[in-house]
Amino acid sequence: MLNSRMLGVAMLTLAAGALCSPSFGAGIYQIIDVGGGFAEATGVNNALQVTGTSGSGSFLWQNGTMTNLGNFGMDHSIAYDINDAGQIVGICWSSGVPTDAFMWTDGNGSGTAEVGEWLHIGSFPGSTLPSARAFAVNSAGQVAGYGAVQYGLTHGFVWSDLNDNGQSDAGEKIDLGTPGGDFCTPTDINDAGVVAGYGETASGADHGFVWDDRDGNGQSDAGEMLDLGLPNSYATAIGDDGTVAGYTGVPNQPFTWKDLDGDWEADQDEFVFLGTLGGLYARPHAVNKHGVVVGWSETGEFVEGDPVAHGWVYANGVMHDLNDLIPADSGWVIESADDINDSGAIVGYGTGPDGQRHAFLLVPEPAMLLLLAGGGVVGLRRRR
Ligand SMILES: [Ca+2]
Ligand SMILES: [Ca+2]
Ligand SMILES: [Ca+2]
Ligand SMILES: [Ca+2]
C-alpha cells in the first residue's frame, strides 16, 4: 500500500516525468531562431524584444523579425542590454576614435535606428581619455558602465538623462570610483538602481562588488560600494530581487549572493555555489527577479581537443543543461545563455541546424513557468 507520503512522492515523480517525457512537447522550452550571420543575443526584455550583435552590427529582434540597427554613428558596435522600454545600450567604435557607450531609444517607433535616436554617453568631464562603455540599462533608463579618467584608470558610473534632453550632459553621471585600485567594471543594474560589477582593490586583487546609493543623494558615498570579499571574483549580474550572480576565477566557482539578513555585509552563509555542468569553468550571465540564473559552462567533454560548452539555467537549486530542456530533434546545440527575462524566456547563442552560429530565444512552456516561479513543481529530472 502506498502511504500518503509515498503517494506524494509518486505524484511528484509523475509530475517530473511529465515535464521531461516526449509526450510533453518533447521539451519544455520552445526554441526560436533569432538569426544567423554569427549572431549572439545578449538581452531580452519582458516584451520579448531581443537585442544582440550579428556580423553586420547591433540588432533588434521583435515579432519574429531581426532588424539591423547599424552602429550608431560609428563603424562597429556591440549591443549588451535592452530594457522594458526597448532602449538598447552597448559600445560603438571606429578606428582612431575612442570606444564610446551608446544608448538607442526608438523615438519615432519605427523599429529602426534613425539619426537623433542614439546618444553617446562619453566619459567623465575632464577625462584625458574620453572612452566609455555601457553594459546594462534598467527600466528607469539608468545605464551602468565605465569611463576612462586617464590612461590606466577607469571609474564605474551610473548615467541617466536627468534633464531629458536626449544627450549626455555634465552632472548626469554618478561616479562610482573603484574598489580602491585602478579599474571598475559595473556589469549590471537592477530596477532599484543597485549595481553589480567587479574592480581592482587597493592591493591589486580583482573583487566582485555591489553598489547602492543607500542614502539616495545621487552620489556614491563611503560604504555604498560593498566588496563581496571573495578573492579573484567577478559579479556579472543582479536581479530585481537583489540576487547577485558572479564567479570566482581560481578555482572557478559560479555563485549567487543575496543580503538575506539585510545588514549590507556579504556573509558567508549568504553565498550559494552553483557548480558546473561537469567541466572546469562556468560563468553566470544574468539573473531574473525570481533569482533564476543563466550562463555558460564547460561540460567536461572535448571535441578535437577543445572543451565543449553549453548554456544552462539554474532554478530551485539545480543547474540544468538547456540542451536537455529543448526538443531532442531540434538540431540545435545551445552553447551559452546570456539573458533571462522575468517570465523565464532565455536568449544566447548556439549552433543551429545549419551548423552555423545563431542567436536563439527560448520561450518556456507553461510548466516551466511554474517551475521558474517556484510554484510547486519540485522535481525536474535530468534526462542523462
Ligand atoms: Ca526609429
Ligand atoms: Ca541630458
Ligand atoms: Ca549616496
Ligand atoms: Ca548580509
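## A word before the sheet

Two strands count as paired when DSSP finds at least two bridges between them. With that in hand, welcome to this predicted model. Its protein chain has a mean pLDDT of 90, and 88% of the residues reach 70 or more.

## Where to read with care

Where pLDDT is low, the predicted coordinates should not be read in detail.

## A four-stranded sheet

Now look for the open sheet of four strands, ordered β18-β19-β20-β21 and paired antiparallel. At its edges stand β18 (233–238) and β21 (271–273); each has a single partner strand, so one side of each is left without a neighbour in the sheet. From one strand to the next, the twist averages 30°.

Strand β20, residues 253–257, joins β21 through three bridges in the antiparallel sense. Here Phe-255 stands opposite Phe-273 of β21.

## The nonpolar core

In soluble globular proteins, nonpolar side chains tend to be buried together. The largest nonpolar core in this model holds 93 residues, and those touching the most other members are Val-89, Phe-102, Met-103, Val-210 and Phe-360.

Which residues does Phe-360 touch, not counting those up to four places away in sequence? Its contacts include Ile-31, Ile-32, Asp-33 and Val-34, along with Ala-41. Phe-360 also touches Trp-332 and Ile-334, as well as Val-347, Gly-348, Tyr-349 and Gly-350.

Terms used:
Residues are numbered from 1 along each chain as its sequence is written. Chains are lettered from A and ligands numbered from 1 in the order in which they are written. This is a predicted model: local features need pLDDT of at least 70, side-chain atom pairs count only at pLDDT 80 or more; totals for chains, interfaces and linings use all residues. pLDDT is the predictor's confidence in each residue, from 0 to 100. Helices (H or I, at least four residues) and strands (E, at least two) are DSSP runs, numbered from the N terminus. Axes are lines fitted to C-alpha atoms, for helices over the stretch in contact, and angles run from 0 to 180 degrees between N-to-C directions. A nonpolar core is a set of buried Ala, Val, Leu, Ile, Met, Phe, Trp, Tyr and Cys residues joined through C-beta atoms within 7 Å. A residue is buried if 20 or more other C-beta atoms lie within 10 Å of its own, exposed if 12 or fewer, and partly exposed in between; C-beta atoms are placed from the backbone. Two residues are in contact if their C-beta atoms, placed from the backbone, lie within 7 Å.
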